[in-house]
Amino acid sequence: MPVCDNKDLFAGVDVGNSTTEAALAQWEDGVLQYLGTGIAETTGIKGTPENVDGVRNALLSALEESDRSLNDVSAIYINAAIPVIGDLSMSTITETIITESAMIGHNPDTPGGAGIGTGRTISLEGMLNCMPGEKVIPVVDTHLTFHQAAKFINKALDAGVDVQAAIVQENEGVLISNRIKKKIPIVDEVTIIDAVPIGMQAVVEVAEAGRSIMVLSNPYGIASLLGLDAKATRKIAPLAISLIGNRSAVVIKTPKGGIKQKKIPIGSLNVVGKKYSQEIDLSKGAGELVMAIEKMAPIIDIVGAPGTAVGGLINRIKQTLSELENQSISDIRIRDLFATNAVVPQLISGGVAGEFSLNAAIGLAAMVVSNERMSRSLVQQLKVKLGVDVSVGGTEMEMALLGALTTPGVEKPLAVVDMGGGSIDAAVMDKNGRVKAVHMAGAGDMVTMLIDRELGLEDIVLAEEMKITPAAQVKSLFHLQLEDDRPIFFNTPLDKKYYGRVVLLKPRDQLQPVKREISLQKLVATRRDAKKKVFIPNILRALKRISPGRNIHAIEQIVLIGGCALDFELPEIISDVLMKDFGVVTGSGNVRGKLGPRNAVATGLISAQEVY
Amino acid sequence: MREKKSKIYDFVGIVICTKKNLMGYANVKEILYGIEEEEVPFEVWQKGLKTEDIVSAAHAAAIRSIFNVGVCCSKDAIVIHHSKLEKRNPLFYLSGDQCTRKNARYAGNNAARLVKGLRLKTMKKHER
């Protein structure tokens, strides 16, 4: 244990998965004085010698507040940074396949006309050969102008042909509707019009402005108009449900039955506990897996079947750690697994207008934990490269608790929940200072993955932005509307790239336009839901494991720390549940009365020097 | 499409102005089709463009529109303006190879979407 004389500068350093934090202090006549706080990006995997650069940067950042230099630092207390490797995966449980076209998810802005039309699909020229009274639906591509298309339709109507509706390639539904003699429903913007089969029975429905379709969103409505039996009706039911809320829709009856929702063999996991093992079929959803793990906790290992998506996830993280430690894969154990249900939009193969369908999916987060050997080599490297005395100061969660205790209004006994990107770590300290801690997989990064997948972004960077930034809707050239409907006005006109769009309210009054067709309500609902789905069950299961007698009500105070405790809405979401359902006082920490939820472990490492 | 004359504004709709002898010009028609497809009323102001200054004319058209949106089209340029914007800073100024028929149609869509508060369509260069 390094001895620090009066005025000697010493530091507490916390190497996290994404950030490295430092707290600087000195003894002044027997009184501990904090001199600085620093933060930097963690370099390399936490707990490995590559962290040295990150540590140096964090120290330099902390030294900025004082007039001392790196040479003045005589000792470093570092957390016992045990490498934790986490990984995520998302697999769909169901898949929607269409054998022929059935335009699900296509909802053009300006369909033409209104009403319901049932008939046989036909080309414009083909209508010339129709008998009077024949019910037809012309399919209009771009080889004729919309004027000519309207002329063809009028000619057919004059000849007594019962033109019931129209399916149009270009964005010209209204233009055609305004030039024909009969008011019929017209669905437009069908980009791959050649894939619409000719000679098939079809139904087209367009609702009046401001309303949604009522017949095609009802399986019995489709059955009535296309003459389907009970078996066929059950088959098209998922299609009808996915049309709910659309302003227009087209359903085509094809001999093969059109649409199938297939269950994908997602695989199963074998959860190995102390007394017994259990095989869980993941296609049943996340609930069963999470329950099984809770029943058997602490688990010894989880094994996935090769060739399955979940098996791949398990093997990936075991592989990473085995390479890191030069250990054989068979010696690596999964410490924790967390699962959550999700609904993801998937592009339908065989679609004609970029349609997508919603499919059930399961998101997984898994974690492996190394042993202490790694952090010892980090300590060696720090001594050599920084020329300071280095010692490992207690377990991470014990230090987090000590740091959290510097929050005004907090005393023992207390619990702390460290919400990071890769894991949620929770610990309790009783009146006598005894500590119990757990580490759970599934945290901030899992929330980002859910937002990315459930909104179909295919852009993890955008998903991260959406997670941490409040959003708004631009309403005019001079104002936008916040999530709570309050307006914000601007003195100068907004650029046209923001007009009518959902935007993210970045720091320093910057606006980031969201270049996706996602409504503000959908974005907010998905974002908040993702945070709840991951953090609430995970924090509850963590607290159950460490609370006296597995009773969360017995905990009196919880302090939230870590990167995710800085989120603009997450701490309130959590406090709300814990206060209302369990009566526990919960809130974001305020380390040293001024740092908020940051720097708890680093501060704890210094605070621990007062105790010893 | 003139439904009624409002006291303050002249036209209940987007106002488009152009030179009288350009009314038959393809781009003007495409703009009108674009607005019609979005189901927003519009009015053609026959005497609107007296000089070569299409930006000012578009702004004057916007002022006469109850929706504050004005469009001006000449042989090789299209301007979409809003009465609350500075006269010299229109929302859109398309010229040269941006003035394709497709872009003229989108310009009509966008003038209407400006009224409806919807996000605007991108008008790329050289779009055939």
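## Close-up views of a predicted two-chain contact

**View 1. Four salt bridges link chain A and chain B.** Four is the count of salt bridges between the two chains in this predicted model. Let us zoom in on one pair. In it, the side chain of A:Glu517 meets the side chain of B:Arg119. The distance from N to O in this salt bridge is 2.5 Å. Polar contacts can be counted here too: 12 residue pairs, both residues at pLDDT 80 or more, are in polar contact between chain A and chain B.

View 2. Which helices of chain A each supply at least two residues to the side that touches chain B? They are helix H2 (146-158) and helix H3 (173-177). Of these, H3(A) gives the most, with three residues. Sorted by kind, the residues on this side of chain A are seven nonpolar, six polar and seven charged.

**View 3. The contact draws on 20 residues from chain A and 21 residues from chain B.** Between them, the two chains bury an area of about 1900 Å². Carbon and sulfur atoms give 50% of that area. Which residues of chain A lose the most area to chain B? Look for A:Leu477, A:Lys496 and A:Tyr499, which together make up 30% of what the chain A side buries.

**View 4. Five strands of chain B form an open sheet.** To find your way across, follow the order E2-E1-E3-E4-E5. The pairing in this sheet is mixed. As a reminder, strands of a sheet pair through backbone hydrogen bonds, and they can do so parallel or antiparallel. Where are the edge strands of chain B? They are strand E2 (42-45) and strand E5 (92-95), and each of them pairs on one side only. From one strand to the next, the twist averages 15°.

**View 5. Strands E1 and E2 of chain B run parallel.** How many bridges join E1(B), residues 14-18, to E2(B)? There are four. To see how the residues line up, pick out B:Val15 in this view: B:Glu43 of E2(B) stands opposite B:Val15.

View 6. Over all chains, the structure holds 36 salt bridges.

Note on methods: Residues numbered from 1 in each chain as written. Chains lettered and ligands numbered in written order. Predicted model: local features only at pLDDT ≥ 70, side-chain atom pairs only at ≥ 80, totals over all residues. Heavy atoms only, no water. Pairing = 2+ DSSP bridges. Axes fitted to C-alpha atoms, helices over the stretch in contact; angles between N-to-C directions. Contact = heavy atoms within 4.5 Å. Buried area = accessible area lost by both parts, 1.4 Å probe. Polar contact = N/O pair within 3.5 Å; in protein donor to acceptor, adjacent residues only side chain to side chain. Nonpolar A, V, L, I, M, F, W, Y, C, P; charged D, E, K, R; others polar.
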